[in-house]
Amino acid sequence: MTPDAVLSVAIDFALVLLSIALLMTVLRIVRGPTLPDRVLGLDMLVAIAIGFIAVIAIKTGFSLYIDIAIALGLVGFLATVAFARFVLARGLAPEQAAEDASAKKGPAKRGKAVQAPRRKRRGAR
């Protein structure tokens, strides 16, 4: 088997694997129950796109694609940092906030209504 044939098979195999990874990542973004799942999926999409660009650069021999992959990696990193800051500034996801609130209440007693804690008014002692 010649080196060109091995390279051709490896490129085809890499493209198939990257295509499967792309489909699975898109599925995670669509189904993702929380915002961090979707942000992680978008970050993974950037990594898969970099892989596609690298494989195409090897297949065509056009080295400018490598520079494009590096630039996409930098932009993807900055987008991930921006998403992380957005999630931190937003606070807990609604699903997690509901779970934390139900865990703090504890089990309800039978026959008695669960009352929310009362807030103190300003100026009250």
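Visitor: What do the buried residues of α1 pack against?
Guide: They pack against α2, residues 35–60. Keep in mind that this is a predicted model.

Visitor: Which residues of α1 are the buried ones?
Guide: Ile11, Leu15, Leu18, Thr25 and Ile29.

Visitor: Which others in α2 are buried?
Guide: Val39, Gly51, Val55 and Ala57 are also buried there.

Visitor: What covers the buried residues of α2?
Guide: The cover includes α1 and α3.

Visitor: Back to α1 for a moment. How far does α1 reach from its first C-alpha to its last?
Guide: Helix α1 runs over residues 3–31, 29 residues in total, and reaches 42 Å. That is close to the 42 Å expected at 1.5 Å a residue.

Visitor: What about the reach of α2?
Guide: α2 has 26 residues and reaches 37 Å between its first and last C-alpha, close to the expected 38 Å.

Visitor: Which residues form the nonpolar patch on the surface?
Guide: Phe13, Val16, Leu17, Ile20 and Met24 form it, with about 510 Å² of accessible area together.

Visitor: Take isoleucine 20. Where is isoleucine 20 found, and what does its relative accessibility make it?
Guide: Isoleucine 20 is in helix α1. At 43% relative accessibility, isoleucine 20 counts as partly exposed, because that class lies between 20% and 50%.

Visitor: Moving on to the loop between α1 and α2. Which threonine is found there?
Guide: Threonine 34 sits in that loop.

Visitor: Is threonine 34 buried or exposed?
Guide: Buried, because its relative accessibility is 16%, and the cut-off for buried is under 20%.

Visitor: What does the side chain of threonine 34 make a polar contact with?
Guide: With the side chain of aspartate 37, at 3.1 Å.

Visitor: What about the other end of α2? Which residue just after α2 takes a positive phi?
Guide: Glycine 61 does, with a phi of about 80 degrees.

Visitor: Another glycine, then. Where is glycine 73?
Guide: In helix α3, which spans residues 64–90. Glycine 73 has a relative accessible area of 26% and is therefore partly exposed.

Visitor: How far is the C-alpha of glycine 73 from that of alanine 47?
Guide: The two C-alpha atoms are separated by 7.4 Å, while the residues are 26 apart along the chain.

Visitor: Now the whole protein. How many helices and strands does the protein have?
Guide: Four helices and zero strands. Along the sequence the pattern reads α-α-α-α.

Visitor: What share of the residues is buried?
Guide: Buried residues make up 13% of the 125 in the protein.

Visitor: And what does the accessible surface come to?
Guide: About 10400 Å², with 66% belonging to carbon and sulfur atoms.

Visitor: Last one. Among contacts between residues at least 6 apart in sequence, how many join residues at least 24 apart?
Guide: 51% of those contacts do.

Key: Residues numbered from 1 in each chain as written. Predicted model: local features only at pLDDT ≥ 70, side-chain atom pairs only at ≥ 80, totals over all residues. Heavy atoms only, no water. Helix = DSSP H or I, 4+ residues; strand = E, 2+ residues; numbered from the N terminus. Expected span 1.5 Å × (residues − 1). Buried < 20%, exposed > 50% of the residue type's maximum accessible area, 1.4 Å probe, protein only. Contact = heavy atoms within 4.5 Å. Polar contact = N/O pair within 3.5 Å; in protein donor to acceptor, adjacent residues only side chain to side chain. Patch = residues over 30% accessible without salt bridge, like charges linked within 9 Å, V, L, I, M, F, W, Y side chains within 5 Å. Areas by Shrake-Rupley, 256 points an atom, 1.4 Å probe, with all protein chains shown as cover. Salt bridge = Lys/Arg side-chain N within 4 Å of Asp/Glu carboxyl O.
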